[in-house]
Amino acid sequence: RHIVYMESTASTNEVAKELARKGAEEGSIVVAEEQRSGRGRLQRGFYSPFAKGIWFSLILRPDFFPMEASKSTLLAAVGVCRAVRSLGLPNAAIKWPNDIMVNGRKLVGILTELSASMEKIDYIIMGIGINTGMERADFPEAFREGATSFRAEGVHVSRKTLLAAVLSELEKEYAVAETEGFARVLDNWRNLSCTLGQSVRVVLGTNSYTGKAVDIDKDGCLLVDTGNEVNRVIAGDVSIRP
Ligand code: BTN
């Protein structure tokens, strides 16, 4: 596969997009030691300090079925969660839609972006950030309580081994989608999730409500039972209530 390695860049998703536009093949990745303005979901930033994690973007060109961005995000979460579990964090679990949590703190963020015309998907950029080397005190105060890393959890991991494991698990899950259908990926997601069955608060802009996360549907939307009705949550933030 084509691998682009960078000491420092603004955001690997941006570099990958540029490459994809120029025709880079499926499976190409861009990985950086540091991102100066790493991007997260919902217009947020993503803290990506030098050599303290794996910050990378994978270019996909799925043509075997129209796989939307939300679906590839769920698929990515399954693959990454498996890799993380296998390398010493067996408690890792997926918080809907795409954070990997360890003991209630966020270890991994995933940002999937897509470029498509009416007829077909041109490319998908799967951006994945995994915290490895930060001590708890290294995280900016604003999210210190909510974030973690392999090191902060007391687990030593080689970034090389971790990246290889993640890529291999992603490939496996991609093959599952291709051969067995996306429903199978959803089942795998359900089994790795820490959101389903929990009381949650759904935050949509300035609005919020609480309910019980009962399932995800075939498109990956979260189904939240408020007692009166079951809401389908497409995007937004969900916090698990203690
Ligand atoms: C989130 O948690 O909101 C998503 C974070 C995604 C971070 C990764 S790191 C590699 C890639 N490049 C970016 O700018 N963002 C993603």
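Leaving aside neighbours within four places in sequence, which residues is C194 in contact with?

What we have here is a predicted model, in which local features need pLDDT of at least 70 and side-chain atom pairs count only at pLDDT 80 or more, while totals for chains, interfaces and linings use all residues. Residues are numbered from 1 along each chain as its sequence is written.

Back to C194. With its neighbours up to four places away in sequence set aside, C194 contacts A93, I94, K95 and M101; contact here means that the C-beta atoms of two residues, placed from the backbone, lie within 7 Å. Take K95 from that list: K95 and C194 are 99 residues apart in sequence, yet 5.6 Å apart in space, C-alpha to C-alpha. C194 sits in the loop between helix 4 and strand 8. Helices (H or I, at least four residues) and strands (E, at least two) are DSSP runs, numbered from the N terminus.

Is C194 buried or exposed? It is buried, because 20 other C-beta atoms lie within 10 Å. The cut-offs are these: 20 or more other C-beta atoms within 10 Å of a residue's own is buried, 12 or fewer is exposed, and in between is partly exposed, with C-beta atoms placed from the backbone.

T195 is found in that loop between helix 4 and strand 8 (199–204) too, and T195 is buried, with 22 other C-beta atoms within 10 Å. Not counting residues up to four places away in sequence, T195 touches K95, W96, V200, A213, V238 and I240. By contrast, V84, 111 residues from T195 along the chain, has its C-alpha atom 18 Å from that of T195.

Now for helix 4 itself, residues 182–192, where V185, L186, N188 and W189 are buried.

Let's step out to the domains. The chain is divided into domain 1 (3–192) and domain 2 (199–240), with bounds from an automatic or database domain assignment. Their C-alpha centres lie 23 Å apart. Nine residues from domain 1 and eight residues from domain 2 make the contact. On the domain 1 side, helix 2 (69–86) and helix 4 each supply at least two residues. That side divides into five nonpolar, one polar and three charged residues. In this scheme Ala, Val, Leu, Ile, Met, Phe, Trp, Tyr, Cys and Pro count as nonpolar, Asp, Glu, Lys and Arg as charged, and the others, Gly among them, as polar.

What about the ligand? It is surrounded by 20 residues, the closest being S11, G40, G109, G127 and G129, where near means a C-beta atom, placed from the backbone, within 6 Å. Helix 1 (12–21), strand 3 (53–60), strand 6 (105–116) and strand 7 (121–131) each give two or more residues to that shell. Six shell residues are nonpolar, eleven polar and three charged.

Finally, the whole chain has four helices and twelve strands. Buried residues make up 42% of its 242 residues.
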